[in-house]
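Hi everyone, thanks for making time. I'd like to walk you through one protein model today, so please bring it up on your screens.

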Amino acid sequence: MEMLSITLPDGSVREVAPGTTPADIAAAIGPGLAKAAIAARVDGELRDITRPLDQDASLALVTSRDEKDALELARHDFAHVLAEAVQNLFPGTQITFGPSTDDGFYYDFAPTFDHGPFTEEELPAIEAEMRAIIARNEPLIREVWSRADLIARWQAQGETFKAQWAAELPEGEELTVYKAGQGADAWLDMCRGPHLASTGKLDPNAFKLTRVSGAYWRGDQNNAQLSRIYGTGWLNKKQLDEHLVRLEEAAKRDHRRIGQEMDLFHLQSEAQGSVFWHPKGFILWRQLEAYMRRRLDAAGYAEVKTPQLMDARQWEQSGHWGKYRENMFVVPDEIPSTEEDGPIFTGTADLMALKPMNCPAHVLIFRQGIKSYRDLPIRMAEFGCCHRNEPHGALHGIMRVRQFTQDDAHIFVRADQLIEEVQAFCDLLDSVYKDLGFDKYAIKLALRPDKRFGSEEMWDWSEQSLRDAVKATGRDTEEFGWEELPGEGAFYAPKLEFHLTDAIGRTWQVGTIQTDTVLPERLDASYVGDDGERHRPIMLHRAILGTFERFIGILIEHHAGRFPLWLAPVQAVVATIVSDADDYAEQVAAELRKVGLRVETDLRNEKINYKVREHSLAKVPNLLVVGKREADEGTVALRQLGSDRQQVLTLAAVVEQLQRDALPPDLAVEAEAEAQA
Ligand SMILES: [Zn+2]
Ligand SMILES: [Zn+2]
């Protein structure tokens, strides 16, 4: 018999008979590993631990310490167990799809007509049935079936969705099923796998069904409506409990809820995905924008403003019309007559489109006039308002919207300037995140995808440049979660991604920088080199916040509405104890306003304790209490949010203190430097 050569991670090679499974090899190595191994990576591909090896390969055994793989496997298994449980409890329910998600899994069902969509009240019974299936420790067995057999089996079972899907799977694709249990009444799903060896490998206390929702067969509103059940799934109860606490905390911090409570913004169906900023919310926006503008000015960027509407032909040339058309809002270039049935006046363009991004317009500015190699780098910034036509279902508060403003900039550089510019960008971004209250973020390098433009040399060079730039900043370390992500780059270039960690441990991808040689080529941007010849600049697309809308959403949730003083919509409230102090309260407020502070007065005829409680619930950072005595003595009693202490200060002292505390972080640094000089 021909033996297979299986190479282990330590480089050792084992000769095994064909049909040997990774589980066999684990057992041969030792009982500890046999128990711990839950799956295998065969030539890098994640596979069932019981799937026989059929050719020479490299093999790495996966244990629960390989958390990412282990979670993925467990969540996929939970989805199967959920489907099996639902079919046990509700015979006649059809199964469709059930993938894993970021924190668990879901499964889409077609309930019987009599039953209708599943309800949250049914979830505990389904959870109990899932635990019974886990307790039975049913083996999960992979089998390869012929298409005809599979379709016949699904039709016989009345599974019309699965039968349809089996018929549509591409020719030549191996059709695999997983059976839970043994014998004739084993439960069956069609699936690529991989799975754990048996349902008993799941921790019965590590999952929870969380909610139900509607869904459509294959995500299309024209198709049959399905009933989706969501769950969260983990490796053990501790992980689940921690996650549930995080969810609870996240719900308390939900930016939509805080946005309403603090009167920051609202959304309504007449303007799907576009935000109505209220005065208090727009203070946040203006503070953030002014801060970013100061930082960009200091870093050598020049700010521009470019058109909302451009001729469709321009978008054709930039390539967006071909690749991005369905995300763009397109408007006819015409003016209807005011007379009824009058003529329509047509402009020179047939169609115009609202910009989905600012890049082409920035190249058009770059192209005005001749640029020399000495002019580079050119750093062109725009707080660019863009529109993208996202499906309504994908919209989420102010985090995912259709109209948004990016803190966008494009840096046009020569090849020899690339690393230095990327490095400078990384330093700027680091300082901005720290100023905005985020101490922790991760940097990832997204590498070439399968479908891509450009030569291999270009990719080698630009990937290495980004890598070198991060290395030069000393942030290619574990502390910065440094990681390379194969296949995740844009089709035209690799990119660096920056992921913030918020106060409750969630991560948000916000910043990015990517190299681009394609757009300068398509839009014919060039500069004159020191050799007198025309050269293409490299274009760096970069953003630090991403968009103002989403970033403000993140800020709200990160701070739970208790903003640092410089961002707080209302920085102080002057509250009176007695009406005798009304005039004095107005005088205190006027003094504070004089130095630029945002102040309100509360002269209502209410008990002071009531006022204190109310303003503290409204997250007002400073409450200045004044009564008869304060008025006579020219003092105020200062209470700060989160502290029980009350400090009595002279009016002049409180003005000075609050003015200093309210300085934005960049100006505070400047003020300190000045004071020391
Ligand atoms: Zn599966
Ligand atoms: Zn861009």
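By salt bridge I mean a side-chain nitrogen of Lys or Arg within 4 Å of a carboxyl oxygen of Asp or Glu.

A quick word on ground rules. This is a predicted model, in which local features need pLDDT of at least 70 and side-chain atom pairs count only at pLDDT 80 or more, while totals for chains, interfaces and linings use all residues. Residues are numbered from 1 along each chain as its sequence is written, chains are lettered from A and ligands numbered from 1 in the order in which they are written, and side-chain values use heavy atoms, with hydrogens and water left out.

Back to the charges. Asp430 bridges to Lys434, with the closest N and O atoms 3.1 Å apart. Both sit in helix H13 (residues 418-435), four residues apart, about one turn of the helix; helices here are DSSP runs of H or I with at least four residues, strands are E runs of at least two, and both are numbered from the N terminus. Asp430 counts as buried at 10% relative accessibility, whereas Lys434 is partly exposed at 40%. The cut-offs: buried is under 20% relative accessible area, exposed is over 50%, and partly exposed is in between, using a 1.4 Å probe and protein chains only.

Next, Arg604 pairs with Asp602 at 2.9 Å between the closest N and O atoms. Arg604 is partly exposed at 35%, and Asp602 is buried at 4%. Then there is Glu45 with Arg47, where the closest N and O atoms are 3.4 Å apart. Glu45 is partly exposed, with 41% relative accessible area, while Arg47 is buried at 14%.

Now, what about a buried arginine that has no salt bridge? That is Arg598, and the nearest side chain of opposite charge, Glu600, is 9.3 Å away. For charge, Lys and Arg count as positive and Asp and Glu as negative, with His and the chain ends not counted. Arg598 is in the loop between helix H17 (582-594) and strand S29 (599-602). Its side chain reaches the backbone oxygen of Ala568 at 2.8 Å and that of Pro569 at 3.2 Å.

Let's turn to the metals. Which residues coordinate the zinc ion (ligand 1)? His76 (NE2), His80 (NE2), Cys191 (SG) and His195 (NE2) do, at 2.0 to 2.3 Å. Donors are N, O and S atoms within 2.8 Å of the metal (3.2 Å for Na, K and Ca), and water is not among the atoms, so sites may look incomplete. Along the chain, the donors of this zinc ion follow the spacing H-x3-H-x110-C-x3-H. Cys191 and His195 are both buried.

Cys359 in helix H12 (residues 359-366) and His541 in strand S27 (residues 538-547) link distant parts of the chain, 182 residues apart. Both Cys359 and His541 are buried.

That's my tour, so over to you for discussion.

How values were computed. Polar contact = N/O pair within 3.5 Å; in protein donor to acceptor, adjacent residues only side chain to side chain.
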